[in-house]
Amino acid sequence: MPVLDRILAVIDRLFLVGANAALFAMLLVTALNVASRAFLGQGVVWAFPISIVCFVWMSFLGFFVVYRQNKDITVDFLLNATPPPVRRAGRMLVDIAVIALLLIILREAPELIQRQVGNIEMVGIQRYWLSVPFFVSCGLIALHFFSDFVHAIKGHPEPEHHHVGDI
């Protein structure tokens, strides 16, 4: 599992950089559009479609990062009040449920991608490229929860979740 954990950590970092790059591109294109409107009297026509693509990619790349860095929202106060063996069983049950859900999504991915036909106007890419980061993130999150399941079986402690004030 250490190799898988290291690989997921590297991909986590790459996806974080990718999400931030998409955010930066959105801000840059929006600033260019605002400046064009102010100085030239007309906006940049492709600014909105590019911003939409960057927003979708930023969200889907960040999807994996949120889970990997344990910044997701959890409601575990009932589970935390139970004895350690019950908490461990609950952790493994959640891992299995998340993996099962993600595998269902990934099983449907080829059909969903085939339905997304046509170019995104003024961007010049096929529509299915919007969902590719989502499906990649789903696969990586499934691997993350598989890793956590193995750690739970071995009796390793659960990673700490960040509290609202920590984010």
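Reader: Where is the place of R88?

Author: This is a predicted model, in which local features need pLDDT of at least 70, side-chain atom pairs count only at pLDDT 80 or more, and totals for chains, interfaces and linings use all residues. Residues are numbered from 1 along each chain as its sequence is written, and side-chain values use heavy atoms, with hydrogens and water left out. Helices here are DSSP runs (H or I, at least four residues), numbered from the N terminus. The place of R88 is in helix α4.

Reader: Which residues is R88 in contact with, leaving aside its neighbours within four places in sequence?

Author: Contact means heavy atoms within 4.5 Å. Neighbours within four places in sequence are set aside. R88 is then in contact with A152, I153, K154 and G155.

Reader: What is the phi of G155, the glycine that follows α5?

Author: G155 follows α5. Its phi is positive, near 85°.

Reader: How do α4 and α5 pack, and at what angle?

Author: Axes are lines fitted to C-alpha atoms, for helices over the stretch in contact, and angles run from 0 to 180 degrees between N-to-C directions. The axes of α4 and α5 are 9 Å apart, and the angle is about 155°. Angles over 145 degrees count as roughly antiparallel, so α4 is roughly antiparallel to α5.

Reader: How many nonpolar, polar and charged residues has the contact of α4 with α5?

Author: Ala, Val, Leu, Ile, Met, Phe, Trp, Tyr, Cys and Pro count as nonpolar, Asp, Glu, Lys and Arg as charged, and the others, Gly among them, as polar. By class, the contact has 20 nonpolar, two polar and four charged residues.

Reader: Is N70 buried or exposed?

Author: N70 sits in the loop between α2 (47–68) and α3 (77–80). Its phi is positive, about 55°, although N70 is not a glycine. Buried means under 20% relative accessible area, exposed over 50%, partly exposed in between (1.4 Å probe, protein chains only). At a relative accessible area of 12%, N70 is buried.

Reader: What does M122 count as at 49% relative accessibility?

Author: M122 lies in the loop between α4 (84–115) and α5 (132–153). M122 has a positive phi of about 65° and is not a glycine. At 49% relative accessibility, M122 counts as partly exposed.

Reader: Which residues does N33 touch, not counting those up to four places away in sequence?

Author: N33 lies in helix α1 (residues 2–40). N33 counts as buried, at 15% relative accessibility. Beyond four places in sequence, N33 touches G43, V44 and A47.

Terms used
Helices (H or I, at least four residues) and strands (E, at least two) are DSSP runs, numbered from the N terminus. Angles under 35 degrees count as roughly parallel, over 145 as roughly antiparallel, 65 to 115 as roughly perpendicular and the rest as oblique.
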